[in-house]
Amino acid sequence: MTFRSSRWLLAPVVAGVVAAAGLSLANPITDADAGAAKGKARNVIFINGDGMSAAQREAARLYLAGLDGQLTMDKLPYSGQLTTSPHDPKTPITDSAAAATAWATGEKTYNGAISVDVDGNPLPTLGAQAKAAGKSTGLVTTAQVTDASPAAFFANTADRGAQDEIARQYLDVTRPDVILGGGEDWWLPAGNGGAYPDKPAEDPSEASKGTKGDLIAKAKAKGYRYVSTAAQLQAAKGGKLLGLFGNEELFQQRAEGQGDVYAPPASLATMTEKALSTLSTNKKGFFLLVEEEGIDEFAHDNNGTRMLQALGELEKAVAVARNFAATHPDTLVVVTGDHECGGLTVEDTATSDESGDGISAEDGPFPIKGSSQTFNLDWTTSGHTGADVPVTAYGPLAEQFTGKHPNTHVHDVLSQILTR
Ligand SMILES: [Zn+2]
């Protein structure tokens, strides 16, 4: 703890020395923006491209912006790297739960842990601390709203699979003001199909399975407005908001051509816009977690086509956040990933595949925007890897993300805004 505290206190000093030496840590294209964004820190928009590391970002840049193009997420003026290893007796490679716990609590823990330490003891979370400091809080995701990444900011459980218990804690303990995403099945008991009926054709295994009663009814009783369609979401104004737009994830994660679908009823950008307009009425500020889950889950299936689609949706949500910050200079915007997924490399398409079949197969070719050239994606695993993740940031305290840090550094920076 002492080590981490002293490290982030030192960071601005180091940055100052480098600046005095005439070196620039910032992206030259957006230096002017960085200067304009020096407001008093009040709000945090933290954006997780689940499973997104450097190769995923580069594939998205080529596909969406072209050879000389730049993504909005890459234009954020300060950048660094985060290591992601957990404290897990079985593996040095993290899952989303341990990674998000590192962000939300500053503590390394085992895979599957939702903001509990290696012994299972609950840890203070930034979501709860921001609420205690008088801020509004929210989460927006294309996963279940109770999936590991959002859960670690707003719940404590020894097992990430206890998603009905996580939903219960949202209502009884941490009370995020905005909850938008999927996972309706965890809010309703078996037999109560809800707005997204059990056993849909696209995935007959999906069915309501909550063990904590009708949590949607409970949410309404606690003052949440409940919506389940894009039209209802658009019409919702003010107050606490619960939107569930699918049984589980807001997509079907499968290999290419095997029933893979990415078509959320409400897009990540739309949900992010609604969350920002709702949360930003609080004079004390807000914390918003935004997550695109499809990057990770389609990478697990080595499905480059859908992964690129999900990256495009993340990019649109980043643009929403960046535009908000342009007129709210008291807002820190951070974009990163929780870990790499797929062991992905970006390759040319001219050579034969040197790495094999199955999960080592090449995927593509994919077009490069504004060019006649193409690229291939080459996968080496259907799981996560230990590759560093890039982090980019804009706004107050953004400069603290320069350099290479453990992923707990996210907590150390965000807590400076969210716990006071
Ligand atoms: Zn994953």
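Let's start with strand E9, residues 286-292, which is mostly covered: seven of its seven residues are buried. This is a predicted model, so keep that in mind as you look around. Phe 286, Leu 288, Val 290 and Glu 292 point one way from E9, while Phe 287, Leu 289 and Glu 291 point the other way, and all are buried.

Strand E1 runs parallel to E9, and six bridges join them.

Now hop over to strand E6, residues 240-244. Why can we call E6 largely enclosed by the rest of the structure? Because five of the five residues of E6 are buried. Lys 240, Leu 242 and Leu 244 point one way from E6, and Leu 241 and Gly 243 point the other way. E6 runs parallel to strand E4, residues 178-182, with four bridges between them, and Leu 180 has Gly 243 in E6 as its bridge partner. Strand E5, residues 224-227, pairs with E6 as well, in the parallel sense and over four bridges. In that pairing, Tyr 226 stands opposite Leu 242 in E6. E5 and E6 also belong to a right-handed β-α-β unit, together with helix H10, residues 230-235.

Here are the strand pairings side by side.

| Strand pair | Direction | Bridges | Residues facing each other |
|---|---|---|---|
| E4 and E6 | parallel | four | Leu 180 and Gly 243 |
| E5 and E6 | parallel | four | Tyr 226 and Leu 242 |

On to the helices. Helix H5 covers residues 96-105, and ten of its ten residues are buried, so H5 is largely enclosed by the rest of the structure. Among those buried residues are Ala 97, Thr 101 and Trp 103. What covers the buried residues of H5? The cover includes strand E1, helix H6 (126-132), helix H7 (148-154), strand E10 (331-336), E15 and H14. The two ends of H5 are worth a look as well. At the start of H5, a side-chain oxygen of Asp 95 comes to within 3.1 Å of the backbone nitrogen of Ala 97. Just after H5, Gly 106 takes a positive phi of about 80°.

H14, one of the pieces covering H5, spans residues 409-418 and is mostly covered itself, with ten of its ten residues buried. The buried residues of H14 include His 409, His 411, Asp 412 and Leu 418.

Next up is the zinc ion. Which residues provide its protein donors? They are Asp 296, through two OD entries, His 300 (NE2) and His 384 (NE2), lying 2.0 to 2.5 Å from the zinc ion. The angles among the four donor atoms run from 55 to 143°, and the site is irregular. For context, ideal angles at a metal are 109.5 degrees for four tetrahedral donors. Along the chain, the donors of the zinc ion follow the spacing D-x3-H-x83-H. Asp 296 in helix H12 (residues 294-300) and His 384 in strand E15 (residues 384-385) are 88 residues apart, so this pair links distant parts of the chain. Are Asp 296 and His 384 buried or exposed? Both are buried.

Asn 303 sits in the loop between H12 and helix H13 (304-327). Asn 303 counts as buried because its relative accessible area is 0%. A polar atom of the Asn 303 side chain lies 3.3 Å from the backbone nitrogen of Thr 305, and one lies 3.0 Å from the backbone nitrogen of Arg 306. Not counting residues up to four places away in sequence, Asn 303 touches Arg 254, Ala 255, Glu 256, Asp 260, Phe 298, Asp 363 and Trp 379.

One last stop is Arg 322, in helix H13. Arg 322 has 14% relative accessibility, so it counts as buried. The C-alpha atoms of Arg 322 and Asp 119 are separated by 39 Å, and the two residues are 203 residues apart along the chain.

How values were computed:
Residues are numbered from 1 along each chain as its sequence is written. This is a predicted model: local features need pLDDT of at least 70, side-chain atom pairs count only at pLDDT 80 or more; totals for chains, interfaces and linings use all residues. Side-chain values use heavy atoms; hydrogens and water are left out. Donors are N, O and S atoms within 2.8 Å of the metal (3.2 Å for Na, K and Ca); water is not among the atoms, so sites may look incomplete. Four donors count as tetrahedral if all angles lie between 85 and 135 degrees; four count as square planar and six as octahedral if opposite donors are over 155 degrees apart and all others between 65 and 115; anything else is irregular. Buried means under 20% relative accessible area, exposed over 50%, partly exposed in between (1.4 Å probe, protein chains only). A polar contact is a pair of N or O atoms within 3.5 Å; within protein, one must be able to donate a hydrogen and the other to accept it, and residues adjacent in sequence count only if both atoms are side-chain atoms. Contact means heavy atoms within 4.5 Å. Two strands pair if DSSP finds at least two bridges between them. A crossover is right-handed if, with the strands pointing away from the viewer, the path from the first strand over the helix to the second runs clockwise.
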